[in-house]
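Subject: Structure handover

Hello,

Here is the structure I promised to pass on. Please open it beside this note and follow along.

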Amino acid sequence: MDHFPIFLSTRGQRIVVSGGGDAALAKLRLLMKSEAKISVYAADPAPEIEQWHHEGRLSLVARPMDYGDPICARLFYGANEDEAEDARTAGIALSCGALVNVVDNLADSQFITPAIVDRDPVTIAIGTEGAAPVLARAIKADLEERLPQSLGVLARIGKTFRKASYALPFGRARRDFWRDYYFNAGPKAIADGETAVRPALDALLGDHLNRTQRAGHVAFVGGGPGDPELLTLKARRALDEADVVIYDRLITPEILELARREAVMIDVGKEGFGPSTPQEHINDLLVEHAASGAQVVRLKSGDSTVFGRLDEEIDAVDAHGIGWHIVPGITSASAAVAAIGQSLTRRGRNASVRFLTGHDTKGFADHDWKTLARPGEVAAIYMGKKSSRFIQGRLIMHGADRQTPVTLIENASRPDQRVLETTLDALPAALEAAEMTGPALTFLGLAPRAALALAPTIPNQEFA
Ligand code: SAH
């Protein structure tokens, strides 16, 4: 992030605009929504600017800007639609200590003006670092449609009620009250007119004061394979409401972004075979936070019921009488099989599929190799990279065909997803050559669907 968003107080501040044509008009329409004192310098100002000057909404000086003019200005806009004049005036403004923006010239601008959705006092600023103004406008249009006009009124009335809301204890109780206001009681009340809102707030506060505080709770949430769009709606809601999020190494930053900003984020990432947060410590953290009344989200990659040591954590929470529930997630086998266009089961080929782990707490994991070695068997092997030679050896020893297809999907569902197609025979060598550093799922008995190579690839980006 190069351009860091802030909301600048403009009350009584001076903002100077050089230029009097369309570019200046566009900026001025926006600036006049602020509380700033606006000065315009333009040799040939548009009639609208003269009109605004007469109405006292800005002050116009009908000549080119000169040295000393932008004195004490906070912001300066070069909107001359003339490169040389922009450069000249921007130089003067810089020497006066103003922050400079030159319209349509990112390189010479110190700040950029975002696309704005205005529900005063709720203001949403959208920026793309100047890269895609069209995209910013599309997002703005989308939000304009989605946010009711009454939002601003509700926020303004809500502001006058902040002190009264302090009757509720700080934290969750107060947050629940405001959530109830903005998304439930407020919109209902405003349908009967603005005057109905304040009494509704009083009634709502009384109602919330009578509530007993919600007890601490742990949600074991499956975070899916990495793509935030593969989170369930329930997972999103849990993240949105969490006081504390305790997450694993494979949870992607894009998913962590979705947690409530005030939430306490605790990383308990474990590296296979490597340094790890002891399980007992994770259990203690869950209990400690939930016992103090927090809504805890225990965020695990994929589905938390698959190779996630979930039971140990549930036992710990249970032992302290703390409430919990599981939110299922998309396990990496599901994401990986989708990536290669195959089914996990198929009529006539395999009526069952096994989920195996390459290693467990004691080292390489042992399995029913004899059954797995039979033709047509399909297995999804988690944590299978380091144990690939061991698995290959055991299967061949039990009579598996060396040409059995084996496919590894690294970083399934993420932008850096890679597919490695090989055979049981060539597995260790192919894996070594591929230098996979991300999490990978190994399919025994599945190759990518041949037709996939011909099908158009589906980009993984949000705005393709
Ligand atoms: N509960 C998780 C599995 C945890 S074990 C789930 O349901 O997916 C960790 C293993 O999961 C990794 O070693 C890897 O084999 C697999 N894995 C997790 N995320 C993955 C991803 N995005 N792509 C491929 N494999 C992944």
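Strands here are DSSP runs of E at least two residues long, numbered from the N terminus. Strand β9, for instance, covers residues 244-247, and V244 belongs to it. Please keep in mind that this is a predicted model.

Start with V244. Its relative accessibility is 3%, so V244 counts as buried. Leaving out residues up to four places away in sequence, V244 touches V264, I266, H289, A294, Q295, V296 and V297. Take V296 from that list. V244 and V296 are 52 residues apart in sequence, yet their C-alpha atoms are 4.8 Å apart in space.

**Helices α5 and α7**

Next, go to helix α5 (residues 150-160) and helix α7 (residues 172-190). Their axes come within 10 Å and cross at roughly 115 degrees. The crossing of α5 past α7 is right-handed. Which residues make the contact? From α5 come S150, V153, L154, A155, I157 and G158. From α7 come W178, Y181, Y182, G186, P187 and I190. By type, the contact has nine nonpolar residues, three polar and no charged.

Several residues of α5 are buried: L151, G152, V153, L154, A155, I157 and G158. What do the buried residues of α5 pack against? Their partners are β6, β7, α6 (162-165), α7 and α8 (197-209).

Helix α8 also holds A203. A203 counts as exposed because its relative accessibility is 53%. A203 and A185 are 18 residues apart along the chain, and 9.6 Å separates their C-alpha atoms.

**Aromatic residues**

The count of aromatic pairs comes to 11. One of them joins W178 and Y181, edge-to-face. The ring centres are 5.7 Å apart and the planes are at 75 degrees. Why are W178 and Y181 about one helical turn apart? They are three residues apart in helix α7, which means a separation of about one turn. In general, an α-helix has 3.6 residues a turn, so residues three or four places apart point the same way. W178 and Y181 are both buried. They also belong to one aromatic cluster, made up of F161, F177, W178, Y181 and Y182. Within that cluster, W178, Y181 and Y182 also take part in the contact of α7 with α5.

**Helices α1 and α2**

L25, L28 and R29 make the contact on the α1 side. E48, I49 and W52 make it on the α2 side. This contact divides into four nonpolar residues, no polar and two charged.

**Loops to check**

- P121 sits in the loop between β6 (115-119) and β7 (122-126). The peptide bond from D120 to P121 is cis, with omega near 5 degrees.
- R309 is in the loop between β11 (295-300) and α12 (310-319). R309 is not a glycine, but its phi is positive, at about 50 degrees. R309 is partly exposed, with a relative accessible area of 35%.
- N411 is in the loop between β17 (405-410) and β18 (418-423). N411 also has a positive phi of about 50 degrees and is not a glycine. Buried or exposed, where does N411 fall? N411 is buried, with a relative accessible area of 7%.
- S387 lies in the loop between β16 (379-382) and α15 (388-397). S387 has a relative accessible area of 0%, so it is buried. Beyond residues up to four places away in sequence, S387 touches G358 and F364.

Over to you.

Best wishes

Technical notes:
Residues numbered from 1 in each chain as written. Predicted model: local features only at pLDDT ≥ 70, side-chain atom pairs only at ≥ 80, totals over all residues. Heavy atoms only, no water. Axes fitted to C-alpha atoms, helices over the stretch in contact; angles between N-to-C directions. Helix = DSSP H or I, 4+ residues; strand = E, 2+ residues; numbered from the N terminus. Left-handed = near helix turned anticlockwise from the far one by under 90°. Contact = heavy atoms within 4.5 Å. Nonpolar A, V, L, I, M, F, W, Y, C, P; charged D, E, K, R; others polar. Buried < 20%, exposed > 50% of the residue type's maximum accessible area, 1.4 Å probe, protein only. Phe/Tyr/Trp six-rings, centres within 6.5 Å; stacked < 30°, edge-to-face > 60°.
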